[in-house]
2 protein chains.
Amino acid sequence: MKREWTQLWLKYEEKKNCGNGIYFERLWIEGFELAHPIVSNAVKEVKMGAAGMLGLQVQEEQGTTGLCLRRTDKNTICAEGYALTEQDGCLTVEARDEKGLLYGVFHALRMVAMEKSLSGIRLVENPDNPLRMYNHWDNMDGSIERGYSGKSFFFENNQVVVDERTVDYARMVASVGINGMVINNVNVKNCATWLITDKYFDEVAKVADIFAGYGIKFFLSLNFAAPMELDGPQSADPLDPEVQSWWELKMEEVFDAIPNLGGFLVKADSEGRPGPFTYGRTQADGANMLADIVKPYGGIIIWRCFVYNCTQDWRDYKTDRARAGYDNFIQMDGDYHDNVILQIKNGPMDFQIREPISPLLGGLMKTNQMLEVQVAQEYTGHQIDVCYLIPMFKEILDFQTYCVEGKGTVADVISGRTFGNRNCGIAAVCNTGNDTNWTGNDLAAANFYGFARLAFNTGLSAEEIAEEWIRMSISCEQEVIDTILGILLPSREIYENYTTPMGIGWMVTPHEHYGCSVDGYEYSRWGTYHRADHLGMGVDRTDKGTGYAQQYHEPNASMYNDMNTCPEELLLFFHHVPYTWKLKSGKTLIQHWYDSHFLGVEQVEEMIKAWESLEGKIDGGVYATVRGRFDRQLHNAKEWRDQVNSYFYRKSGIADEQGRRIY
Amino acid sequence: MKREWTQLWLKYEEKKNCGNGIYFERLWIEGFELAHPIVSNAVKEVKMGAAGMLGLQVQEEQGTTGLCLRRTDKNTICAEGYALTEQDGCLTVEARDEKGLLYGVFHALRMVAMEKSLSGIRLVENPDNPLRMYNHWDNMDGSIERGYSGKSFFFENNQVVVDERTVDYARMVASVGINGMVINNVNVKNCATWLITDKYFDEVAKVADIFAGYGIKFFLSLNFAAPMELDGPQSADPLDPEVQSWWELKMEEVFDAIPNLGGFLVKADSEGRPGPFTYGRTQADGANMLADIVKPYGGIIIWRCFVYNCTQDWRDYKTDRARAGYDNFIQMDGDYHDNVILQIKNGPMDFQIREPISPLLGGLMKTNQMLEVQVAQEYTGHQIDVCYLIPMFKEILDFQTYCVEGKGTVADVISGRTFGNRNCGIAAVCNTGNDTNWTGNDLAAANFYGFARLAFNTGLSAEEIAEEWIRMSISCEQEVIDTILGILLPSREIYENYTTPMGIGWMVTPHEHYGCSVDGYEYSRWGTYHRADHLGMGVDRTDKGTGYAQQYHEPNASMYNDMNTCPEELLLFFHHVPYTWKLKSGKTLIQHWYDSHFLGVEQVEEMIKAWESLEGKIDGGVYATVRGRFDRQLHNAKEWRDQVNSYFYRKSGIADEQGRRIY
């Protein structure tokens, strides 16, 4: 079968042996059942990998050398964890459960793909986060909300698609430890509401079943108003017994039809979506009602906290969208049942290139929390511009919330280390589509890969992850690795330099969210303002402004509240700052803005030169695709530079000290 | 048959007799054939009108009193003109041709509908403009480009619609003297390209035939690249003999299939439409090629002059979209064949609330010219906001181009009085759709009515036209007339006050063109900039700027070139003006802006009060629809006021002298 898609980091092309051949001559299993779908898939993967990378046909037989897949109950190995141990030519993968085994096998194959020797290896890997999920914003008509890589491979013409690509996708995400998947858009409309009816059960169950074979729990986004749109009562009031009865029957039906169903993701009372507020009920009323009903099936309800007023009056300086998540959810801390998880976007706004961390993370002390980040580059370049996001995700995870002494980072909170909860973890809006290369820009696959790796092991550095991805996907040549690392690692700061530095965000083309429009959202209902006038810019979110800074634990609250201690990369998020304000560098704010935007474009030009040095050294198709995207990135960067600089020059009347061209 | 549309000014409801009954007891014809479709329709109309308005059954018989329809060859009556004469109870409509007769009959009926006595009437009316056209921007999928009154009634699901509404539409526009109609969008794409094939001939010919019965020549918009998209050569080069041969056969076929076809409207080399420039040919090459081919059939080619660079770099201060029409067409003055008409938008930009008159009008001295205005309220309020456009059209027609002494107004030029040409006139983009009331806002029908009346008789005042329309459509009560006149007549200036005064234009939401977005087009490719900085705003189009002002004949060129003599309502179109510039009123520019925007909102509030005084005095449905639109207009006006004032306050730092609220 000719596949019209690549295999990304699982391409299993010929690799230098590095002495790894001995482990892949034979394979045997101890304590696991080969008949178990996950085990069977693991073995299949070993055979494929060995054949492709080492030219070996793996024999299923025991021996003194080779690969041993063994069940263990060692205390050091947790659920979904594994150990890799090599001794005397025998490589052992040990795990408590099938998922762990599969991850261990993929780890071993990863070493081969990276051209690293397995000799003497001795490691234990346990996942840092219980839930490691991708959320797809795929619509049933095949479109993808905020998708930049073609159409959906889950849906087409209001039908569910199940084919070999579904399998390859499951393999790919399982290979990096993803264990949960939402396949439909959180904005559940039209046909998608019917995914929980027998109209779609057969096909949905097939997809879920494929995922089951790779240890991935299957989730659906749910329409809170489903009773009204399907055959239920004309209400969605969570406290209405009729509504509850309808959901009880519905859930029985759905969990029966989809054995691998893990539960549901719900966007309620948000951007026009229905929710409990419609009936004067709390978010907890809504989430708990559903959670209680799915509990007998082991289901969980993941409830998004993206609730804010999206019809704000721009004239209103008191209302602050940044406050909304915290204000809407903090009072009910402790009210949510144990199988509810609140899914919280990393920042209080919406996936800007830089935001402070949401004060709900660690602000909530008695509620299951899950971090939501966006791998899809909605505000970070649409997979046209290169923007390696793992450094940003690292910053988020490392952020010290001060909620509990000694274990107060975001990583601590969402992993369950802080409060001891099991229903928690991390989710990302995925960036894939049916493009041949899955992610539009080939380099965007580093984010698709990297998020999952980081979710499994939050201790990995952004550089380690990037190098893994480059070795497996592009080349193991040191020169190529170094060049691409040189492009990926600073790319987020470069994007920030030429777009919206210092935490101000937005200034994008409305709706589309690509390209510059400084005032695009300034006089709109979306609560996303820069408040620039002829003297300064930024939003006063201190105790004298909207009070948002006070939503943090101390000392963060005080740090952000003071212009002198607020980190400069977030200065304009928290303060309205005069253009003439002196930064720590000695530069004025406005001069820093000009410099940052000029620098950003120069940096893109340098990235392009670096990429051009790879011509002939990497796959020609990948080279050309990325080269083409760089042209568009450079055009975009220049537009941002010139529009932003012209806008602020025209507004402030303050010239660039270096006399560069501003229009 | 229940009609789902109103009859507007032809509703023929019961009227005060005013002594007119005597003329409608009987009717006879002298010198015309009743069998002629136009004559037959005229007679039918008399019967309908008399029955509805006077409760009379008209008898077809000669008498000493009654209505006599008589052919004449009096010199005072021109083609399509008519005389109305009353003596001793006999009302005579005299005309040279059937169209004139029809118009005369409608004039008589209009008098009855307005409750004016026909007794002693003695007038001759000859049309001022040879061609009086409506252009429909209707697409075959039923959508209307820049349509604000529902869907198309000409097309639906890529089919041509022919029904009773087609007839009523023809009656309505014929009643006000329209004699040409383009039914499809100038952007000819997809199915619409096929309107000139036998796929659509049958239905198209039916529509054309209905129009023929009301004296309306039928036109189609043409896709210049039709040969390539249909079965012709893979070129549209006007000088390619193969292309020419293809058009020859095509035109023979089309004119044979559609007997009432008058010719074609062509938008070439404009906003992505193909044209002769693609082949290095001139606009004249393109227009003449088609004109020569349609000439044997009496056809004409109406060629639009809306040719400009729509991918301008906003950083480029030298290129000026305002110059483009003149620059692209002036050199070929005299090269266009006699059955080509250049159709020229009233302003050099695109139907803004106020623009200078296009310097092509009267700039061209040896070319047939047709004025194009826009009755559809694309930039003037989407038929949500009330904007009676006839005062603007009057200004345009009265503009002195100084092309020829003593007969240099735009009205002179397009009527043929200046240069003696016959192929000339006036066209308007129509504002109708399949809404019940045809025009979305009932008050917008005054524009639909008024344009046509003005096209026929450019000497009518905006007030006369409005009063005619009110009497026929709403009420003959003096209080109602006065109130609605008070709303309509200043409405264009009110809209200007709260949007973009002083000729600056734009500042609208991109693409949609409703609602404020001051910088919406400022950093775009459309050539539509305000160039506002912290010191001033406006575009320098003087000899020191883009030189646009020099495209006019003297003394206009000098008048516009000088900030002191440039009319203030166009000051920002021609000059970049400091906010502190003193206007003739003594106010600074910025203070005038603030005042104008505050005033505009107050004026809308007054309009609403005036409208509310009509409750119970006019049709309840009309009252309610317009009342609802006023709510939206007030909201829109407030948004404009606050966004514009805030934008310029933030940019200039200059406070409102009256200390009103700016954000």
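In this predicted model, B:Met181 stands opposite B:Phe218 in β11(B). The model is predicted, so local features need pLDDT of at least 70 and side-chain atom pairs count only at pLDDT 80 or more, while totals for chains, interfaces and linings use all residues. Residues are numbered from 1 along each chain as its sequence is written, and chains are lettered from A and ligands numbered from 1 in the order in which they are written.

**The barrel in chain B**

- Strands β7-β10-β11-β12-β13-β14-β15-β16 of chain B form a closed barrel of 8 strands with parallel pairing; strands are DSSP runs of E of at least two residues, and helices are runs of H or I of at least four, numbered from the N terminus.
- From one strand to the next the twist averages 25°, with axes fitted as lines to C-alpha atoms and angles running from 0 to 180 degrees between N-to-C directions.
- Strand β7 (residues 131-135) and strand β10 (residues 180-182) of chain B run parallel and are joined by 3 bridges; two strands pair if DSSP finds at least two bridges between them.
- B:Tyr134 has B:Met181 in β10(B) as its bridge partner.
- Another 3 bridges join β10(B) to β11(B), and these strands also run parallel.

**Strand β11 of chain B**

- In strand β11 (residues 217-222) of chain B, 6 of its 6 residues are buried, meaning that 20 or more other C-beta atoms, placed from the backbone, lie within 10 Å of a residue's own.
- B:Lys217, B:Phe219 and B:Ser221 point one way from β11(B), and B:Phe218, B:Leu220 and B:Leu222 point the other way.

**Chain A as a whole**

- Chain A has 18 helices and 18 strands.
- The radius of gyration of chain A, taken over C-alpha atoms, is 25 Å, close to the 26 Å that the globule rule gives for 663 residues, so chain A is as compact as a globular protein of that length. That rule is 2.2 Å times the number of residues to the power 0.38.
- Of the 663 residues of chain A, 57% count as buried.

**The two chains together**

- The contact takes 16 residues from chain A and 16 residues from chain B, where contact means C-beta atoms, placed from the backbone, within 7 Å.

How values were computed. Two residues are in contact if their C-beta atoms, placed from the backbone, lie within 7 Å. A residue is buried if 20 or more other C-beta atoms lie within 10 Å of its own, exposed if 12 or fewer, and partly exposed in between; C-beta atoms are placed from the backbone.
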